[in-house]
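Try each task yourself before you read the solution.

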Amino acid sequence: MLEIKNLHAEVDGNKILRGIDLTVRPGEVHAIMGPNGSGKSTLSYVLAGKEDYEITEGSISYNGVDWSELGADERAAAGMFLAFQYPIEIPGVATMTFLKTALNAQRKARGEDEISTPDFMKLVREKSKELKVTPDMLKRPLNVGFSGGEKKRAEILQMSLLEPTLCVLDETDSGLDIDALRIVSEGVNQLRSPERSMIVITHYQRLLDHIVPDVVHVLSKGKIVKTGGKELALELEKNGYADYVDEEAA
Ligand code: ADP
Ligand code: MG
Ligand code: MG
């Protein structure tokens, strides 16, 4: 279980998060919505333990362990996976090689043996098929020249190989056409399980037609200003963020 209490965080001396409280239990999917610049990506980076993101007040704990002392690798080994809003391109590294390296890094951090090449090939073939990642994509350098949809599919493939217990998806829907959105959402939905928690960050409601959240939060100026059920997303779609943003300013 993830417990965030009164979290304040800054980047390069700029205060961005201003007191976030959030509890995510196993099996729950929480959506975080909010206008551009409200701090959604910052929250995902702080959770992932990205360099330069400093917690100045409050705490994050996961399964009872204080996360402020853990580095990004240790958090990944503990089961967290962050899908970035802007996936990085790695020229010269085939997607397949990247995936194997990521999986073995996680196994190493957990004190497990490396996966054998035949076992890895079998696993990656199985999962690629489900996500419509073609063998050709697996041979190409990671994300280089991939369409928006291909990048997101490669990312969800990585996520499904690592089998995280806490998934944070930052605007996984940005730049996707409707077919790509469906494939990615199906991949994410297949990963839903009673042991796995998900935080789905999005600016738009449409992703939440496919990945139906248990809880929806509205983030504004680094704070959660409203929490509700999935119907809150529909209301935001209709009325925009103005109500909640004004409420907070008042
Ligand atoms: P969102 O993902 O909700 O669009 P971000 O978390 O990306 O919002 O950004 C929140 C605010 O923090 C914005 O005002 C943004 O300009 C600012 N910000 C983000 N990263 C930095 C940084 N490295 N240095 C200074 N300000 C930043
Ligand atoms: Mg943004
Ligand atoms: Mg963002």
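The exercises below go from the whole model to the ligand.

This is a predicted model, where local features need pLDDT of at least 70, side-chain atom pairs count only at pLDDT 80 or more, and totals for chains, interfaces and linings use all residues. Residues are numbered from 1 along each chain as its sequence is written, while chains are lettered from A and ligands numbered from 1 in the order in which they are written.

**Exercise 1.** Find out what pLDDT the protein averages.

*Solution.* Start with the term: pLDDT is the predictor's confidence in each residue, from 0 to 100. The protein's average is 91, and 98% of the residues score at least 70. For the complex, the predictor gives an ipTM of 0.95 and a pTM of 0.91.

**Exercise 2.** Work out how many helices and strands the protein has.

**Exercise 3.** Identify which element gives the most to the shell around ligand 1.

*Solution.* First, a residue is near a molecule if its C-beta atom, placed from the backbone, lies within 6 Å of it. The residues around ligand 1 include D12, N36, K40 and T42. Next, β2 (14–24) and α1 (40–48) each supply at least two residues of this shell. Finally, α1 gives the most, with 3 residues.

How values were computed:
Helix = DSSP H or I, 4+ residues; strand = E, 2+ residues; numbered from the N terminus.
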